[in-house]
Amino acid sequence: MRGVAVLGSTGSIGQSTLAVLRRQREHFYVVALAGGRNRALLDAQVAEWHPAFARLVDAGAGNGLPHGPAVLVEAATHPDADIVVNAVVGAAGLDATLAALRAGKRVALANKETLVMAGDLVGEAARAGGGEIVPVDSEHSAVLQCISGREHLLRRLILTASGGPFREWPADRVRAASVAEALRHPTWRMGSKITVDSATLANKALEVIEAHHLFGLAYDALEVVVHPQSIVHAFVEFCDGSVIGQMGYPNMELPILYALTHPDRLPDTGVPRFDPIATTPLTFEPIRSDVFRAFGAGVAAGRAGGTAPAVFNAANEAAVAAFLAGTIPFGRIAEVVEAVLDSHRTQPAATVEAVRSADTWARGRAREEMA
């Protein structure tokens, strides 16, 4: 029995994690739950799982209990937690990831922003504390499943992207897309922020940066193709030219389970059995980089390194929040991100303070641009 802490337990990935754990009670138990602001759902989770620790991040101060990022850190470092599932959205998950790794935990990481903002610092924390990162993103989980034991033979990765709801739309229609249209993803059911990121393809840029840190490949060895069916999650090319792909229906429960059990596997019935006839045809196409400019901006930030990826992430978070609030149109998201990056002077991301400073600056600069 391994103890699990779930950060972001009331969100989409958090609830999927608990669905997996519900089927695997012989192997895992819930130690800690950290929800966002949904008190009713967290109370229901506590009633089912009886964790030793349970708090809301957005519960507010004044009651003597931890709140804000401190909730996530306390849950992530609970002494009975062997595995920490970090399903928090955005930059808020950084402190908890670093703390868990320094405490020697396995971090099942769905919070890709952690590696985007501070990939080198995260690696240092893992080495210092003996912790490990296992990705939950379906694409990175696919890579891990393909390369286990053969990491040194890896030559190139091809990640797939669904293309989002606007894959075939003309550029002028994409610019004017509504919030409801952006949240209507054709293959995945996710939270609102990541769904908008999938519509702009900013999410795929975040995943390219994450892959760079997870698998140690240069950006020239990381590619992305649009695959509308979302059946093939990644292709791995080895040094001899052989290519292996991982396939499955678009369902986050399989990569969540693998992150809990890697490198082993457990029998599970949560994912429908694969039917190659039903999934035919499988098609692939290039990204329309002239329309989905956030993707190119993010990859360029990854190549620049230093504080540039943190600035990309922060500017994108600010712009997406504004879009969801109805204060900017969809087409402005990429423009805001590009403007913030253009005005940023990249610095080394050598400390958490430097990363946070870049994050704060980028959010402020994004607000100026949107005003």
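**Exercise 1. How much space lies in the second largest cavity, and which residues line the second largest cavity?**

Start with the ground rules. This is a predicted model, where local features need pLDDT of at least 70, side-chain atom pairs count only at pLDDT 80 or more, and totals for chains, interfaces and linings use all residues. Residues are numbered from 1 along each chain as its sequence is written, and side-chain values use heavy atoms, with hydrogens and water left out.

Step 1. A cavity is a set of points, on a 1 Å grid over the protein atoms alone, where a 1.4 Å probe fits but cannot get out; lining residues have an atom within 4 Å of a point. Grid points are joined across faces, edges and corners, and a volume is the space filled by probe spheres set on the points.

Step 2. Read the volume. The second largest cavity holds about 50 Å³ of space.

Step 3. List the lining. It consists of Gly-163, Arg-167, Leu-201, Val-226, Glu-285, Pro-286, Ile-287, Arg-288 and Phe-292.

Step 4. Sort the lining. Five residues are nonpolar, one is polar and three are charged. Here Ala, Val, Leu, Ile, Met, Phe, Trp, Tyr, Cys and Pro count as nonpolar, Asp, Glu, Lys and Arg as charged, and the others, Gly among them, as polar.

**Exercise 2. Describe the largest cavity and the helices that line it.**

Step 1. Search the whole structure. Two cavities of 30 Å³ or more turn up. The largest has a volume of about 80 Å³.

Step 2. Look at its lining. There are 13 lining residues; His-233, Gln-246, Asn-251, Leu-254 and Pro-255 lie nearest the centre. The lining divides into six nonpolar, seven polar and no charged residues.

Step 3. Find the helices. Helices (H or I, at least four residues) and strands (E, at least two) are DSSP runs, numbered from the N terminus. Helix H6 (138-147) and helix H11 (253-261) each supply at least two lining residues. H6 gives the largest share, four residues.

Step 4. Check H11. Eight of its nine residues are buried, so H11 is largely enclosed by the rest of the structure. Buried means under 20% relative accessible area, exposed over 50%, partly exposed in between (1.4 Å probe, protein chains only). Among the buried residues of H11 are Pro-255, Ile-256 and Leu-257.

**Exercise 3. How many disulfides does a search of the whole structure find?**

Step 1. Apply the cut-off. A disulfide is a pair of cysteine sulfur atoms within 2.5 Å. The search finds zero.

Step 2. Take Cys-146. Its nearest cysteine sulfur, that of Cys-239, is 15 Å away. Cys-239 is likewise in no disulfide.

Step 3. Cys-146 is buried at 4% relative accessibility. Cys-239 is partly exposed, at 46%.

**Exercise 4. Trace the open sheet of six strands.**

Step 1. Write the order. It is E3-E2-E1-E4-E5-E6, with parallel pairing. Two strands pair if DSSP finds at least two bridges between them.

Step 2. Strand E3 (53-56) and strand E6 (132-135) each pair on one side only. The twist averages 20 degrees from one strand to the next.

Step 3. Follow E1. Six bridges join E1 to strand E2 (residues 28-35), running parallel. Val-4 has Val-30 in E2 as its bridge partner. Five of the six residues of strand E1 (residues 2-7) are buried, so E1 is largely enclosed by the rest of the structure.

Step 4. Finish at E6. Strand E5 (residues 106-109) pairs with E6 in the parallel sense over four bridges. Leu-109 stands opposite Pro-135 in E6.

Conventions. On a 1 Å grid over the protein atoms alone, a cavity is a set of points where a 1.4 Å probe fits but cannot get out, and a pocket is an open set with protein on both sides within 12 Å along at least five of seven lines; lining residues have an atom within 4 Å of a point. Axes are lines fitted to C-alpha atoms, for helices over the stretch in contact, and angles run from 0 to 180 degrees between N-to-C directions.
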